[in-house]
Amino acid sequence: MFFLYLGLRNNLTVATDKGKFLMAAKRFRRGAHIEYIISLDADVLSQGNKAYVGKLRSDFWGTNFCCTHCRSDFWGTNFKIYDSQPPYDGAKVSSTRSIRRFGSRRISPQVSSGNFDVGQVSYKYNLLKSRGPRRMFCTMECPSVQETWENSLKVKSLRRTGTTVLRNKAPRWHEHLQCWCLNFHGRVTVASVKNFQLVATPDPGHPDSIGDEETVLLQFGKVDSDIFTMDYRQPLSAFQAFAICLSSFGTKLACE
């Protein structure tokens, strides 16, 4: 289980000072895939419930596996993010479907909810898997709200503004500490392979993408055992940021 809280204080290392609950996620194994079901209710994590927000689904790719029992390939791991609500007007529902299984019984959806493809996260490793952090790439649908007037009434609609392409900010090698370092401005205090910062970068495959490699749009890092901080800004939503951070835990599971 994973829980996301709105931190009202910078110090989140105390278990009794979690802040306001926002959403929760639970990990499920689906054969060769891993799914994280994200919900607004920590007690109800099912696609068939109205508290369902979306999901993160692994999509392993490649043919060179690191061992005969490993589902994660040598080159990297892909994840797709699905939203229960359309990211913009006219968006089409994805064809992906899955069955929720809790314990020994199956639960059929009671409430219709769509799965709209809103993003993808990819991890790539250096060939020797030695010096150097893993590379991280994200493509996200981040629409904007457009206001128009119809019959003297203000109408809001979601307009597709293009694809936001993110990559992890390159860390620097610290000779004295003998490790790769990023400046988290005090928000991250424990070294971890899961720590990252994402910046917008232009992508030749997406002509409408805009790059800004100085502004960090999402950062995630460890502060204590099983406690991490997540800081994000527009155009990402809390759901999108949470799903990207959850993928950081899925890569280790995949290789296990």
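Which strand pairs with β9 in the antiparallel sense over five bridges? The strand is β12, residues 163-168. The legends below describe close-up views of a predicted model.

**Figure 1. Overview of the protein chain in the predicted model.** The chain contains one helix and 17 strands. Of its 256 residues, 40% are buried. Among contacts with a separation of 6 or more, 54% are made by residues 24 or more positions apart. The accessible surface amounts to about 14,900 Å², and carbon and sulfur atoms contribute 51% of that surface.

**Figure 2. Strand β9 between its pairing partners β8 and β12.** Strand β8 (residues 116-124) and strand β9 (residues 135-141) run antiparallel and are joined by six bridges. In this pairing, Gly 119 stands opposite Met 140 of β9. With β12, strand β9 again pairs in the antiparallel sense, here over five bridges.

**Figure 3. The salt-bridge network of Glu 35, Lys 55 and Arg 57.** Three salt bridges are present in the structure, and Glu 35 takes part in the two shown here. In one of them, the side chains of Glu 35 and Lys 55 meet with an N to O distance of 3.3 Å. Glu 35 belongs to strand β3 (residues 33-39) and Lys 55 to strand β4 (residues 52-60), so this bridge ties together parts that are 20 residues apart in sequence. Both Glu 35 and Lys 55 are buried. In the other, the side chains of Arg 57 and Glu 35 meet at 2.7 Å, N to O. Because Arg 57 lies in β4 and Glu 35 in β3, the pair connects parts 22 residues apart in sequence. Arg 57 is buried, as is Glu 35.

**Figure 4. Lys 55 and the ring of Tyr 82.** Besides its salt bridge with Glu 35, Lys 55 lies over the face of Tyr 82. The distance from the ring centre is 5.5 Å.

**Figure 5. The salt bridge between Asp 231 and Arg 187.** The closest N and O atoms of the two residues are 2.8 Å apart. Asp 231 is placed in strand β17 (residues 227-232), while Arg 187 is in the loop between β14 (179-181) and β15 (196-200), so the bridge ties together parts that are 44 residues apart in sequence. Asp 231 is partly exposed, its relative accessible area being 24%.

**Figure 6. The aromatic pair Phe 220 and Phe 249 within a ring cluster.** A pair of aromatic rings is described by the distance of the centres and the angle of the planes. The structure has eight aromatic pairs. The rings of Phe 220 and Phe 249 are edge-to-face, with 6.0 Å centre to centre and 80° between the planes. This pair links distant parts of the chain, with Phe 220 in strand β16 (residues 212-224) and Phe 249 in helix α1 (residues 238-255), 29 residues apart. Phe 220 and Phe 249 are both buried. Ring pairs also bring Phe 2, Tyr 36, Phe 196 and Phe 228 into a cluster with Phe 220 and Phe 249.

Key. Residues are numbered from 1 along each chain as its sequence is written. This is a predicted model: local features need pLDDT of at least 70, side-chain atom pairs count only at pLDDT 80 or more; totals for chains, interfaces and linings use all residues. Side-chain values use heavy atoms; hydrogens and water are left out. A salt bridge is a side-chain nitrogen of Lys or Arg within 4 Å of a carboxyl oxygen of Asp or Glu. Helices (H or I, at least four residues) and strands (E, at least two) are DSSP runs, numbered from the N terminus. Buried means under 20% relative accessible area, exposed over 50%, partly exposed in between (1.4 Å probe, protein chains only). Two strands pair if DSSP finds at least two bridges between them. Contact means heavy atoms within 4.5 Å. Accessible areas come from the Shrake-Rupley method with a 1.4 Å probe; for residues, only the protein chains shown count as cover. Rings of Phe, Tyr and Trp (its six-membered ring) pair if their centres lie within 6.5 Å; planes under 30 degrees apart count as stacked, over 60 as edge-to-face and the rest as tilted. A charge sits over a ring if NZ of Lys or CZ of Arg is within 6 Å of the ring centre and within 35 degrees of the ring normal.
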